Amino acid sequence: MQRREFLGSALGASLLAATSESAHAADAPEYYLLRRYQLSSAQARNAADYFGAVLLPALNRLKIAPVGVFNVTIGLTSPNPILLLPCASLESLARLDEKLMADAAYQNAAKPFFTAAATQPSFMRMDSSLLQAFPKYPKLTLPAAAVAKKPRLYEIRTYESPSEQDHLLKLEQMQAGEAQIFQGVGAWTVFFADTLVGTRLPKLTYMLGYDDLAARERVWTAFAADPAWKALSTQPRYSAEGLVSNITNEILTPAAYSQV
């Protein structure tokens, strides 16, 4: 049975029981839940109040932190906020709604958001993806600018592969030196992850950070010219065929209350 088939068939109790202990190990790759909300302009203000004042504190009480809340600056139609929820345990993410239901403070504060009339809903749709960090980069790295609450922007990128074999080779290539090259040319490497559950699989997802758009341009110019990248990308193992069939990238601005 393929790894992805196993995951899809075992998202129930057996997988959760088998992974809950190892997920808490200090060096175990963490999991990321990416949530994308589709909002109308009229819904955006109430959603921002809910994310910042209600949901984020409740997630922190469940030891889900740091939580990222981002607005799409360049990419898909806005307002289309993206939430990044890192967690050491797959079980914790699987039981997230259950735990929020048991949080009386959250339930009381969130009531206006969830009891909105059907004619004036709080949001239009929400999509979620489940990611697992690369073994070589098992934890989210919080940029210094995020800690200091300085101006910053992020880029979230997905690489779709034409086959599972090509996808696994791309995962290998990223960990064989590509991620380090990003660091060497000045990008903030926030996370690198395999997308376990979501749309348009197989694919990987990663996030880079920069001071601003000008810094992003400098990073990508330097990356393309970097001798280490040229050497890695021309290795026969990775250049025999196209490992990536489609790339999607979005430029994100963190909300004022975002912890990333």
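**Note on aromatic pairs and strand pairing**

1. The structure holds 19 aromatic pairs, where rings of Phe, Tyr and Trp (its six-membered ring) pair if their centres lie within 6.5 Å, and planes under 30 degrees apart count as stacked, over 60 as edge-to-face and the rest as tilted. This is a predicted model, in which local features need pLDDT of at least 70 and side-chain atom pairs count only at pLDDT 80 or more, while totals for chains, interfaces and linings use all residues. Residues are numbered from 1 along each chain as its sequence is written, and side-chain values use heavy atoms, with hydrogens and water left out.

2. The rings of Tyr37 and Phe123 are edge-to-face, because their centres are 5.3 Å apart and their planes stand at 85 degrees. Tyr37 belongs to strand β1 (residues 31-38) and Phe123 to the loop between α6 (104-114) and β4 (125-133), so the pair ties together parts 86 residues apart in sequence; helices (H or I, at least four residues) and strands (E, at least two) are DSSP runs, numbered from the N terminus. Tyr37 is buried at 3% relative accessible area, whereas Phe123, at 24%, is partly exposed (buried means under 20%, exposed over 50%, partly exposed in between, with a 1.4 Å probe and protein chains only).

3. Phe182 and Tyr206 form a tilted pair, with 5.6 Å between centres and 40 degrees between planes. Both Phe182 and Tyr206 are buried, and ring pairs link them into a cluster whose members include Phe134, Trp220 and Trp229.

4. Strand β8 (residues 246-254) pairs in the antiparallel sense with β2 (residues 68-74) over four bridges and with β5 (residues 153-160) over seven bridges, two strands being paired if DSSP finds at least two bridges between them. Within β8, Pro254 is the bridge partner of Phe70, and Leu252 that of Tyr154.
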